[in-house]
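Hi there,

I am handing over the structure we talked about, and you will find it just below. Please have a look when you get a moment.

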Amino acid sequence: MEPTKTLAAWQQEYAKVESALAAADVEKTADLPKLEEVRVRFLGRKGELTELLKSLKDLPLDDRKACGPKGNALKAAFEAKLSAAKSRLEDAADADAFRKDAIDLTLPALRPPRGRLHPLTTTLGRIADIFRRLGYSWAEGPQVEDEFHNFDALNMPGDHPARDTQDTFYLQDLPRLLRTHTSNVQIRAMEAGKPPIRIVCPGRVFRHEQIDATHSAVFHQVEGLVIDRSLGFADLKGHLQTFLESLLGSSTKTRFRPSYFPFTEPSTEVDVKCFFCPGTGCPACKHTGWIEILGAGVVHPKVLRNVGWDPETWSGFAFGIGVERVAMLVHGVRDLRDFYTNDLRFLRQFDEDLV
Ligand code: PHE
């Protein structure tokens with residue numbers, strides 16, 4: 001093939017491409033699409049550098065040998081610059097993407113939902129803590145009970161009018177009932193042990209009652225029983241006063257009101273000044289200014305005799321605390337039914353009680 005290009009013409013084209021490459025300033029290309037444009041402009045199928053190298057074949061053989069390496073060197077230098085620019089732009093794009101997706105460590109963390117104790121559980125815990133410090137131990141008793149332990153042994157024989165005041169759930173076909181109070185544990189503890197005794201027993205109790213803001217068919221009591229030599233009403237009052245002051249604060253106003261229970265004599269009911277009204281009366285205190293939270297008294301000699309203990313030697317006192325009533329006072333809850341409906345909006349208010 002005859003040469004169609006002169007050395008001078010090729011060198012002129014080389015100089016043109018070289019200065020065009022320099023002007024393209026590959027190092028400063030702003031983004032990857034622009035870099036690709038520059039690559040295609042020079043190294044594409046019809047690119048300026050491609051054409052220059054292709055036209056080497058049109059030179060006379062000697063000139064081709066001299067110019068070939070020169071053209072290849074130009075191409076290699078350009079390719080090196082291209083690949084350096086490409087890595088620089090890719091690194092920058094990565095860094096950009098990372099900045100956009102990155103986690104902001106200064107944001108406050110989301111709080112995972114936590115469980116918490118039910119206000120009745122924490123109230124029971126508080127009551128238990130106080131009595132533990134007074135030297136009481138913990139006892140348990142059955143919820144399904146017989147008439148003897150729930151009534152007869154507590155000086156409430158079958159025809160006793162006091163049975164009417166505790167509307168009882170009887171079990172079908174069984175001589176059994178759901179205990180109407182935790183006082184059954186008094187009998188069971190005395191049957192199982194020997195004097196002296198100093199126990200508290202928490203538990204669920206059941207009464208067939210009209211449900212309202214202060215009454216429920218299922219509720220909780222903490223029974224207390226202390227039996228020793230020569231204990232009397234003064235001891236009862238001392239223990240309960242200490243308990244109430246620890247629970248509600250020493251400035252809490254309480255009232256010991258004479259009352260009647262068949263299994264204690266004398267008997268009392270203890271009221272706490274209503275927390276919801278200034279003593280003027282409101283639905284929570286049934287317009288009396290006082291809220292009843294426990295019943296108590298000196299253990300009746302007949303009860304001791306029923307378990308075979310000599311009332312001449314042993315005496316003591318008992319009490320039954322209404323856990324819901326205490327929880328209502330402590331937390332300012334006006335309606336006892338709120339404790340049972342499992343409304344999370346209500347239950348979430350007791351976060352501070354988490355232990
Ligand atoms: N058991 C009684 C009630 O449920 C309370 C009580 C307990 C009274 C112990 C005196 C002694 O009402």
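Predicted model: local features only at pLDDT ≥ 70, side-chain atom pairs only at ≥ 80, totals over all residues.

On the H1 side, the contact is made by Leu7, Trp10, Tyr14, Val17, Glu18 and Leu21, and H4 contributes Asp63, Cys67, Lys70, Gly71, Leu74 and Phe78. Sorted by class, the residues in this contact of H1 with H4 are eight nonpolar, one polar and three charged.

The other pair is H5 (residues 119-133) with H10 (residues 323-331). Here the axes are 9 Å apart, at an angle of about 100°. Angles of 65 to 115 degrees count as roughly perpendicular, so H5 is roughly perpendicular to H10. H5 brings Pro119, Leu120, Thr122, Thr123, Leu124, Arg126 and Ile127 to the contact, while H10 brings Val323, Glu324, Val326, Ala327, Val330 and His331. The contact of H5 with H10 holds eight nonpolar, three polar and two charged residues.

Cis peptide bonds

Pro195 and Pro196 are joined by a cis peptide bond, with omega about 0°. Pro196 sits in the loop between helix H7 (184-192) and strand S4 (197-206). The bond from Glu265 to Pro266 is cis as well, and its omega is near -5°. Pro266 belongs to strand S7 (residues 264-273).

Positive phi

Most residues other than glycine have a negative phi. Ser230 is not a glycine, yet its phi is positive, near 45°. This serine, Ser230, lies in the loop between strand S5 (218-228) and helix H8 (233-248). Is Ser230 buried or exposed? Ser230 has a relative accessible area of 67%, and since over 50% counts as exposed, Ser230 is exposed.

Asn342 also has a positive phi, of about 55°, without being a glycine. Asn342 is in the loop between H10 and helix H11 (344-347). With a relative accessible area of 54%, Asn342 is exposed.

Best wishes

Methods: Residues numbered from 1 in each chain as written. Heavy atoms only, no water. Axes fitted to C-alpha atoms, helices over the stretch in contact; angles between N-to-C directions. Helix = DSSP H or I, 4+ residues; strand = E, 2+ residues; numbered from the N terminus. Parallel < 35°, antiparallel > 145°, perpendicular 65-115°, else oblique. Contact = heavy atoms within 4.5 Å. Nonpolar A, V, L, I, M, F, W, Y, C, P; charged D, E, K, R; others polar. Buried < 20%, exposed > 50% of the residue type's maximum accessible area, 1.4 Å probe, protein only.
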